[in-house]
Amino acid sequence: MYAQMVDTGMKRVQGLDEMSAEERAFQEKIDAGIKIEAKDWMPEGYRRTLIRQISQHAHSEIVGQLPEGNWVTRAPSLKRKAILLAKIQDEAGHGLYLYSAAETLGVTRDQVYADLLSGKVKYSSIFNYPTTNWADIGTIGWLVDGAAIMNQIPLCRCSYGPYSRAMVRVCKEESFHQRQGYDLVMAMAKGTPEQKAMAQDALNRWWWPALMMFGPSDGESVHSAQSMQWKIKILSNDELRQKFVDQTVPQAEYLGLTIPDPELKWNEDTGHYDFGAIDWEEFRQVVAGNGPCNRDRLRTRVKAWDDGKWFRDALLAHAEKKSERQVATAKAA
Ligand code: FAQ
């Protein structure tokens, strides 16, 4: 672990001998592969890191419904529409499991959601790009869900029990999402020349943003070293990105599509694909709120929250009436 951090330039973390007795016992538990549960003692930094990552992840699932939602009314067949609707509903479900996992750490859903709506916390950069042609929907499933699975399979083994268990189910569903996306892109890539051109256009626009999903390179990543020591992260941003490239290039070749990277090349020595430089300035701009759709995405979420107020009020009024009735019945008995 330490050798890996030196290689990648990750920040140095505390050694066991520099920790308090409580922290050392906690770290030894993690090193032994024992899961941390909600009521166990944990360092404040561990709790805060998990709340940050899990809530950002939950927000990504919820905001991630929007680019795909753009095509529900224009899906080209009943079958594709049913698949797309099911996928979008799954993403809402993922958001809910994740908000529940965050709540086990002592925050409320309302608090973390308010932080999304105020623009205080992040969600994945990828969802700030527009879906301009139908092939984008397949490409999101193929690349975006593909990248999400690559990142989330290791999270099934992460040290925090509620998060790791939520990830097991999420990954099963993401796997269906990736397959339906690849199936859609395949239909277009093997279709008419116009359809193939749409699939290529979508790949050209989504490839680099998909690589950015894995976050900054290891040397620039603020949280990786500590998160890896705590086994919140099992693999580093660059390791996951490389695995994604290695997995996806043959899939593009099978489709007869070209990855928009002239420097992409198989490297016999490393056994991996070499790929070109990522435009980190674009990544920084998108994360800072200046991507093509950032403002639109937040506006849509705020409107959905405001429009849903009457429903939340009705639920609360119903819950209050119900508990009043229960008290009255208990008193009468
Ligand atoms: N976008 O030090 P690191 C999906 C931020 S789910 C925006 O490396 P960390 C399903 C990072 O938060 C996709 N911000 O951070 C779906 C930090 O900022 P902070 C989401 C990013 O946490 C499919 C700063 O940069 N998946 O797609 C991004 O150790 C289709 C420094 O970075 C997850 O959230 C980014 N791409 O590693 C839904 C998985 N990358 O907080 C609908 C769980 C980094 O200090 C349709 N999360 N930042 O202000 C993770 O694995 C990690 O949080 C990483 C980032 C790997 C994303």
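Leu316 is found in helix α14, which covers residues 309–332. Helices here are DSSP runs of H or I with at least four residues, strands are runs of E with at least two, and both are numbered from the N terminus. Leu316 counts as exposed because its relative accessible area is 52%; the cut-offs are under 20% for buried, over 50% for exposed and in between for partly exposed, with a 1.4 Å probe and protein chains only. From Leu316 to Gly219 the C-alpha distance is 48 Å, and 97 residues separate the two in sequence.

1. Some words on the basis of the model. It is predicted, local features need pLDDT of at least 70, side-chain atom pairs count only at pLDDT 80 or more, and totals for chains, interfaces and linings use all residues. Residues are numbered from 1 along each chain as its sequence is written, and side-chain values use heavy atoms, with hydrogens and water left out.

2. How confident is the predictor in the protein chain? The mean pLDDT is 94, and 97% of the residues reach 70 or more. pLDDT is the predictor's confidence in each residue, from 0 to 100. Over residues 1–6 the pLDDT stays under 50, and for this stretch the model has 11 contacts beyond four places in sequence. Contact means heavy atoms within 4.5 Å.

3. On the overall fold, the protein chain has 14 helices and 2 strands. Its C-alpha trace spans about 75 × 60 × 35 Å along the principal axes.

4. What share of the 333 residues is buried? The figure is 47%. The accessible surface of the protein chain comes to about 16800 Å², with 57% of it belonging to carbon and sulfur atoms. These areas come from the Shrake-Rupley method with a 1.4 Å probe; for residues, only the protein chains shown count as cover. Of the contacts between residues at least 6 apart in sequence, 76% join residues at least 24 apart.

5. The charges can be listed briefly. There are 42 positive and 44 negative side chains, and the centres of the two sets lie 7 Å apart. Lys and Arg count as positive, Asp and Glu as negative, while His and the chain ends are not counted. Each charge is placed at NZ of Lys, CZ of Arg, CG of Asp or CD of Glu.

6. Is Gln65 buried or exposed? Gln65 is buried, because its relative accessible area is 15%. This residue is in helix α4, residues 65–69. Leaving aside neighbours within four places in sequence, Gln65 is in contact with Ile88, Glu91, Ala92 and Arg301.

7. Lys231 is in the loop between α10 (224–229) and α11 (237–255). Its phi is near 55 degrees, a positive value in a residue other than glycine. With a relative accessible area of 30%, Lys231 is partly exposed.

8. Asp183 lies in α8 (residues 161–189) and is partly exposed at 38% relative accessibility; its C-alpha is 29 Å from that of Ala277, 94 residues apart along the chain. Asp307 lies in α13 (residues 294–307) and is partly exposed at 41%; its C-alpha is separated by 42 Å from that of Leu257, 50 residues apart along the chain.
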